[in-house]
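Hi,

Here is the model I promised to pass on.

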Amino acid sequence: MANSNNTEPKKLLSKHELNQIWYRWGFTHLSSMSYEKLQGHAWAYSYLPFARKYYKNDPEKKRRLLERHSMFYNTEPQTGQLINGIVASLEEQIALGNDVSEEMPVTIKATLMGPLAGIGDSIIQGIIVPILLSIGMSLAKGGSPVGPLFYIIAYGIIGPTISYIAFHSGYRLGVGAIDTIVGENSKRITDAFNILGVMVVGALAANTIVLKTIAKIPQGGKSAPLQGVLDGIFPGLLPLAMVILGWWLVSSKQMTATKVIIIMVVIVTLGCLVGLF
Amino acid sequence: MNSLFFPALLTGIFCYLGAIETPWLFGMSGGFYIVGRPLVAGLLVGLAFGDIKNGILCGLAVQAVFIANLSTGGATNSEITYAAYGGIGLAMATTKNPAIAVTLAILIGQTFGLIFYNGRMALYSFWNTRAEKAAHENNDRGIVLNHLVYPQITTFLLRAVPVFLAIYFGKGLVNWLISSIPEIVTHIIQVLGGVLPALGIAMLMSIVIKSKPHFIFFLAGFVLLAFAKLSMIAIVFIAALVAYLYYLASGKNTVSTAGSTVGDNDQTVNTDDEYEDEDLF
């Protein structure tokens, strides 16, 4: 590969320049999100300093760089930084004139964004955020600011840390990182995290859903509150019934949230009118 | 009325900062995941209205319903940021009742929130086209303007202004509605506020419970809190232990899949058993 029009020797990206790619994408990944491009343009934006470093005297190569990083792209933006790391190492090789085709970064982006969105969404949106929120919610009982502050600090550290580690391990491992993501061991770890998530969601259900009956049942001459009897058998039986109904409607019946809300409104309205709740 | 100006304005600005597309707080990590959460919104709106306690109580109630707000692939079924700031803000401007905050949040999220959200997603295509053209022309400044500057001005106008107007001018309407509805409706809304978190949790279950036997872990978590009255933090530790044991056990499974047919058969029988149990439930 001849770098005829560029006489100065080319160097690897410095730590600072790598971090620049990381935070430029990290800050602006969804800044111009539309259904058409989603996170696409954040790539071009994050490679502007890179283009100034390597393609100062080569507008044609710079144009190709910006164009191949203006295409549709969508993944979980925190775990997804792994892809940005891999691509940064590939782009660096291309800029240095090593034997990596310009198609390679595009292919890597297209093949990895799906799997990483799957892993990232289920771990971050399905497990980490609900766990931290549920701890925060239990600390916020009675209106204490400790709850929200706990969540702000905890996620404020965890979110960017995941993003930083993902980017730099992606860069370090390069294309080799792909085995780590789709390998057997990563599936076991994801499954185990899932179990953690399921248990916490169970506790969350018992903690957040409030449904008590105000009906009374006759006992001999006088009447006793039905809720007391239910609590003796299974505390939280009504909330549990409600959440199982909701789960069944959402997962087995494939209902949308709006339909489930309507069904719950009907149940509660009827229950209130007959004096059950 | 004048004292409402700054709280409403601040709430509008927070609504912009908590949006999924806002870059200032490390993108989605600080915006959508932190400022956008109703629990945090409760604290911030509480600060804006000078009543932290009631703000957090409203935030807590709204958070329970939106615990599983998911945004996968850019699609969303309820706009959480408008819902949180519009609902909590209006509730704080009127009754400060958490049940009212939940009702308003759902109404706003499902209607106006979605309209504004989808409208913005469509509008941004216009900036995208221009950014792409800029990339084609090697125009660095054009990329910055059309990726960062113009879209953010658009979204600021679409977030801060409607929320400000809704709180500033909606107060009278909401007050009138609350005072004119009969008592039974208030009671229904109150009960509903307690029940609707079941929907959020049900949606969370539908992503974390990947096979029916996992339901037993859900039940275990429920029982640990409902019967044993353990704190949430204690349950997280117990769950981590169970998850670790599960990890070790699943490793044993993959090693022994050398003679895979036997293992596979075992597993299918197992799931079928549990599946039938589940249907009986």
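**What I found**

Over all chains, the structure holds 16 salt bridges, a salt bridge being a side-chain nitrogen of Lys or Arg within 4 Å of a carboxyl oxygen of Asp or Glu. Three salt bridges are counted between chain A and chain B. In one of them, Asp140(B) pairs with Lys62(A), with the closest N and O atoms 2.6 Å apart. That pair joins two chains, because Asp140(B) lies in helix H7 (residues 140-180) of chain B and Lys62(A) in helix H4 (residues 59-68) of chain A. (Helices are DSSP runs of H or I, at least four residues, numbered from the N terminus.) Lys37(A) also forms a salt bridge with Glu132(B), and there the closest N and O atoms are 2.9 Å apart.

Before you go further: this is a predicted model, where local features need pLDDT of at least 70 and side-chain atom pairs count only at pLDDT 80 or more, while totals for chains, interfaces and linings use all residues. Residues are numbered from 1 along each chain as its sequence is written, chains are lettered from A and ligands numbered from 1 in the order in which they are written, and side-chain values use heavy atoms, with hydrogens and water left out.

On to the interface. About 9,400 Å² is buried between chain A and chain B, and carbon and sulfur atoms give 75% of that (buried area is the accessible area, with a 1.4 Å probe, that two parts lose on being put together, summed over both). On the chain A side, Gln125(A), Met199(A) and Trp247(A) lose the most area to chain B, together 9% of what that side buries. The contact (heavy atoms within 4.5 Å) takes 108 residues from chain A and 102 residues from chain B.

How far can you trust it? The model scores ipTM 0.86 and pTM 0.86. Chain A has a mean pLDDT (the predictor's confidence in each residue, from 0 to 100) of 89, with 97% of its residues at 70 or more.

Chain B averages 85, and 85% of the residues score at least 70. Its confidence is highest in helix H3 (residues 38-49), at a mean of 96, and lowest in helix H12 (residues 260-280), at 41. pLDDT stays under 50 over residues 256-281 of chain B, which have seven contacts beyond four places in sequence. Where pLDDT is low, the predicted coordinates should not be read in detail.

Cheers
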